[in-house]
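My notes follow as numbered points.

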Amino acid sequence: MLNFRTAGESHGKALIALIEGIPAGLKLDLDQINSELAERQKGYGRGGRMLIEKDRVEALSGLRKGITLGSPITLMIPNKDERIDTAPEVRVPRPGHADLAGALKYGTRDARDILERASARETAARVAAGAVARQLLSRFGITVFGYVISIGRVFCDCRLNVSDIPAIRASDLSCPDKKAAKMMRAEIDAAAKRKDTVGGVFELIAKNVPPGLGSHVQWDLKLDGKIARSILSIQAIKGVEFGAGFASALIPGSRLHDSIVKSGKRIVRGSNNCGGIEGGMSNGSDIVVRAAMKPIATLYSPLKSVDLVTGKQSPASVERSDICAVPAACVVGEAALSFELARALLEKTGGDSIREVERNMNGYLKQAGAAFR
Ligand SMILES: Cc1cc2nc3c(=O)[nH]c(=O)nc-3n(C[C@H](O)[C@H](O)[C@H](O)COP(=O)(O)O)c2cc1C
């Protein structure tokens, strides 16, 4: 089964993504992985760390002449800011971070032991793994992209398509609506001025996903459950919704559910309020997921906390930090969605080599899914 693990600390030697289950014979473009890593690093409102790092992967295993062997793929992203052994202690845990719960759990008074791994620097490895999954998906014509729809209280009322990807990438807020982006920048500037932080919402879309990925037969095989878990596990993500999401609860069934319509020989849907997943399976429509990110937890005007060594009330520690990281989180979300879709695709088709996977997918589409393409 396709899976990945990550390893590495924020200021350690490197981040690692270990990916198992990618079939043999897939040509991997490392430049494309690096370009995803560069996307994760940018965004209006990021802090100083991203100016230090220039994330690039080194492939340590699983490839021969740039082609996957079917063996575990190890990707390493070296840290330029390697100082884990000399970085100062963090005795006053920061509210909103893993610091306090982790220090209690591991019996330490130095939350640096916790934050080094809890840090969202780890998401660089997730993006690398997701970029591999994307290359597999693209063999099947599946595209995953995302964009920012709100920062703080500023919303962009847009529904974007594949043709908008260059404009999304060109925007420092992953929001091609220039008017909204300008107001979002102002929201971030205002937060910075108040020594505060802001969160936001991003939307992810997967196009051309064949029907029948995931399963209705068991709770932990449902595709929406798997995608939600993966996205919710991204640092600072506090909510996930599919299609009409929370608004579904307000709409009568007669207006919410997506009619099934015959169009020539094809079966199409009258709308996509379900966000492309019904009964735990992709239904052939676009998969549409939104995620809400809480404001960055490290505050330059710190909240109250307690010194774990003296036991005295004290302002929380301050680590170098972003003011807003929603565009970066969106890139991590794209990686998470890509990986889950690649896993579901391989679960549907099986296959040790990419040719076998393609043959199995083509057979399946011929039998059941052609009507949706
Ligand atoms: C891409 C990205 C960058 C982040 N950068 C920062 C940061 O600079 N400072 C910070 O305090 N939190 C940052 N965070 C959020 C923290 O990692 C997160 O709030 C913390 O891990 C606790 O989140 P949780 O309660 O959801 O686990 C970032 C999150 C993401 C996804």
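1. The shell around the ligand divides by class into 9 nonpolar, 5 polar and 4 charged residues. Here Ala, Val, Leu, Ile, Met, Phe, Trp, Tyr, Cys and Pro count as nonpolar, Asp, Glu, Lys and Arg as charged, and the others, Gly among them, as polar. The shell holds 18 residues, and His97, Ala236, Thr298, Ser321 and Asp322 come nearest. Near means that a heavy atom of the residue lies within 4 Å of the molecule.

2. This is a predicted model: local features need pLDDT of at least 70, side-chain atom pairs count only at pLDDT 80 or more, and totals for chains, interfaces and linings use all residues. Numbering starts from 1 along each chain as its sequence is written, and side-chain values use heavy atoms, with hydrogens and water left out.

3. Now the polar contacts (pairs of N or O atoms within 3.5 Å). In the side chain of Ser321, an N or O atom is 2.6 Å from a nitrogen atom of the ligand. A polar backbone atom of Asp322 is 2.8 Å from a ligand oxygen atom. Lys294 brings a polar side-chain atom 3.1 Å from an oxygen atom of the ligand. On its own the ligand has 630 Å² of accessible area, and the protein covers 84% of that. Areas come from the Shrake-Rupley method with a 1.4 Å probe.

4. Where does the ligand sit? It is in the largest pocket. A pocket is an open set of points on a 1 Å grid over the protein atoms alone, with protein on both sides within 12 Å along at least five of seven lines.

5. A cavity is a set of grid points where a 1.4 Å probe fits but cannot get out; lining residues have an atom within 4 Å of a point. There are 2 cavities of 30 Å³ or more. Volume is the space filled by probe spheres set on the points, which are joined across faces, edges and corners.

6. The largest cavity has a volume of about 50 Å³. Its lining includes Glu39, Phe145, Arg169 and Glu334. By class, this lining has 4 nonpolar, 2 polar and 3 charged residues. The largest share, 3 residues, comes from α6.

7. The second largest cavity is about 40 Å³. Among its lining residues are Arg94, Pro95, Thr298 and Leu303. The lining divides into 6 nonpolar, 2 polar and 1 charged. Thr298 lines this cavity and is also among the residues that come nearest to the ligand.

Note on methods
A polar contact is a pair of N or O atoms within 3.5 Å; within protein, one must be able to donate a hydrogen and the other to accept it, and residues adjacent in sequence count only if both atoms are side-chain atoms. A molecule sits in a cavity or pocket if more than half of its atoms lie within 2 Å of its grid points. Helices (H or I, at least four residues) and strands (E, at least two) are DSSP runs, numbered from the N terminus.
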